[in-house]
Every structure is written in structure tokens, then in C-alpha cells.
Amino acid sequence: MTDPLPEVRAWVEAAGQVCVLTGAGMSAESGVPTFRDALSGLWARYDPQELATEAGFRSDPQLVWDWYASRREGVRAAEPNAGHMALARWQAAHPGRMTVVTQNVDDLHQRAGSTEVLCLHGSLFVDAWLDPCPRLARGELACDPRRAAPGRPPRCEACGNLVRPGVVWFGEALPWNPLDGAQRAARHCTLMLVVGTSGMVYPAAGLPGVAKHCGARVVVINPHPTELDGLADVVLRGTAAQLLPQLLLTP
Ligand code: OAD
């Protein structure tokens with residue numbers, strides 16, 4: 001079997017617009033656990049209903065708050081890997097030609113230097129109110145969750161509203177702006193790289209199909225089989241930190 005890398009490298013060089021969709025595997029080599037890997041994935045050890053739903057948070061806010069705080073600490077201690085760096089370098093060397101869309105709630109793409117990253121599932125580092133701030137109903141500005149009284153979780157001194165992690169939980173809608181930007185990027189790219197995602201969570205997992213439908217080539221980069229392999233023009237079996245630097249060459 002011939003090595004598909006040179007051909008994909010040529011597609012990258014020729015692509016007018018490259019859209020990169022990343023998932024937890026993108027950060028695995030930085031030491032951030034994935035969700036669904038059989039032994040090391042977070043969902044092998046923890047119950048997503050308990051830790052990644054609004055109902056779970058309402059039933060035990062401290063448990064859920066502490067879990068996200070420990071993930072935040074883990075990410076703070078991690079560094080972007082060679083894959084994040086290769087994407088950021090290529091994006092900087094080819095202005096306007098690459099859109100990074102991520103399902104990750106870490107900030108490793110941004111810390112590597114990627115710009116305008118579209119974060120579909122929110123961020124571990126931006127908190128939100130659990131319930132709408134009552135000031136909104138009075139036509140006033142909402143209180144700032146960063147000013148909440150410290151606690152696990154912090155709470156509003158005026159109304160008792162709880163601060164929650166600013167990540168998207170199961171059953172919640174994705175934030176409109178990044179989703180809209182991601183859908184546009186999928187429609188307009190000529191090449192989509194799908195890196196480190198199992199392709200099991202929609203609407204993110206629908207983006208490669210949109211790109212394909214609109215005429216783009218789709219390349220999956222993953223050491224293991226994924227739900228998206230069937231629609232890929234090429235599947236590269238390897239890791240993000242190994243393959244992206246070989247694929248994204250910069251002068
Ligand atoms: P998953 O945990 O479902 O999938 C991670 C993927 O990364 C798997 O396909 C692995 O084979 C692959 N992988 C592991 N190590 C890798 C490496 N070094 N390089 C490349 N790939 C590697 O994670 P996601 O697909 O991101 O949602 O999961 C999607 C969403 O489900 C997450 O954003 C999260 C989760 O519940 C929310 O928290 C809202």
C-alpha cells in the first residue's frame with residue numbers, strides 16, 4: 001500500500017481554505033484525557049449524567065464544580081503539543097486560509113498561537129450563571145459571574161444564583177456564533193482535517209459531512225477507527241502530534 005501522506009500534503013498545499021475539526025484526541029499527547037478511549041477516557045471512569053448535565057449540577061453542585069476545577073488544573077499544567085504547534089504555525093504562515101473548529105474546552109490551540117478558534121463546546125476558563133440573572137428581567141445589565149462570592153461553586157450575594165462551568169452539557173444547545181462560523185467554514189473549505197474525534201457527538205460530528213457534501217476533501221487523523229472514517233477520502237492512522245507536523249509544512 002502506498003503512503004498517503006505525500007498526497008494529503010499536496011492537498012493541504014493546494015487547498016484554498018482548510019477547516020480543521022478537533023476533538024479530545026488532539027490534546028491527548030498533552031496529557032489531557034479523552035472521553036471515550038476505553039481505559040483512559042473520562043467517560044470510562046465518570047458518569048456523564050452526573051457530571052455533564054444541568055440536572056447533575058443541580059443535584060450536586062459542589063461535586064460537579066470540583067470535578068471541573070480539577071480538569072481546569074490539569075489543563076493549566078499541560079502544554080500544547082507538536083500537533084497544536086503545527087496547526088498554529090501553518091495558520092500564521094497562510095493568513096486567512098485555515099479555520100480551527102474545536103470541541104475541546106481546554107485552551108491549548110489558543111496557547112499554541114492559533115487565532116479565532118471556534119469553540120463549539122465552550123471553555124473551562126469562562127464561567128456562566130446557572131439561571132438567567134434576575135437583573136435581565138428588569139432591563140438591567142446582568143451581574144458578572146467573575147464577581148460572584150467565592151465558594152464551590154461561587155454564588156451571587158444578591159440572589160443566590162450559582163456559577164457553573166461555561167461548557168456545553170449534554171442536552172444543551174451549542175453557542176450560536178461558533179456553531180454558525182463552523183458551519184460556514186465547513187461549507188466553504190476545500191479540505192477538512194478531522195483530528196482526534198470519535199465523531200459521535202452532534203452537531204460537531206455532522207460538519208465533515210457538510211464539507212464533503214459541498215465538495216471538500218475530508219481527511220481523518222486518528223490512531224483508532226472512528227464514525228467518520230467512512231466518509232473520509234483518506235484516513236491517516238496515527239496521532240495528532242506525530243502526523244500534523246508532517247502534513248503541515250511551513251517555510
Ligand atoms: P472522544 O473521547 O469521543 O474521542 C477521542 C478520539 O481521539 C478517539 O477517536 C481516539 O481514538 C482519538 N485519539 C486518542 N489519542 C489520540 C491522539 N494522540 N491523536 C489523535 N487522536 C487521538 O472525544 P471527542 O470526539 O472530542 O463534549 O468527544 C466529543 C464530545 O464528547 C466532547 O467535546 C465532550 C464529550 O462528551 C462535551 O463535553 C460537551
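In the predicted model, the largest nonpolar core has 27 residues, of which Leu193, Val219, Leu236, Leu244, Leu247 and Leu248 touch the most other members. A nonpolar core is here a set of buried Ala, Val, Leu, Ile, Met, Phe, Trp, Tyr and Cys residues joined through side-chain atoms within 4.5 Å; buried denotes under 20% relative accessible area, exposed over 50%, and partly exposed in between (1.4 Å probe, protein chains only). At least two residues of this core come from each of helix H1 (5-14), strand E1 (18-22), helix H6 (82-93), strand E2 (98-102), strand E6 (191-195), strand E7 (217-221), strand E8 (234-236) and helix H11 (240-247). Helices (H or I, at least four residues) and strands (E, at least two) are DSSP runs numbered from the N terminus. Another core, of 21 residues, lies apart from the largest one and includes Leu120, Met192, Ala211 and Ala216. Beyond its neighbours within four places in sequence, Leu244 is in contact with Met26, Gly83, Ala86, Leu87, Leu193, Val195, Ile221 and Thr239, contact meaning heavy atoms within 4.5 Å.

Residues are numbered from 1 along each chain as its sequence is written. For this predicted model, local features need pLDDT of at least 70 and side-chain atom pairs count only at pLDDT 80 or more, while totals for chains, interfaces and linings use all residues; side-chain values use heavy atoms, with hydrogens and water left out.

Strand E2 is largely enclosed by the rest of the structure, because five of its five residues are buried. Met98, Val100 and Thr102 point one way from E2, and Thr99 and Val101 point the other way. E2 runs parallel to E1, to which five bridges join it, and Thr22 stands opposite Thr102. E2 is also parallel to strand E3 (residues 118-119), through two bridges, with Val101 opposite Leu118. Strands are taken to pair if DSSP finds at least two bridges between them.

The ligand has 23 residues around it, and Phe35, Arg36, Thr197, Ser198 and Asn222 come nearest; a residue is included if one of its heavy atoms lies within 4 Å. Oxygen atoms of the ligand are found 2.6 Å from a polar side-chain atom of Thr197, 2.8 Å from a polar side-chain atom of His121 and 3.2 Å from a polar backbone atom of Gln103. The protein buries 94% of the 800 Å² that the ligand exposes when taken alone, areas being computed by the Shrake-Rupley method with a 1.4 Å probe.

How values were computed:
A polar contact is a pair of N or O atoms within 3.5 Å; within protein, one must be able to donate a hydrogen and the other to accept it, and residues adjacent in sequence count only if both atoms are side-chain atoms.
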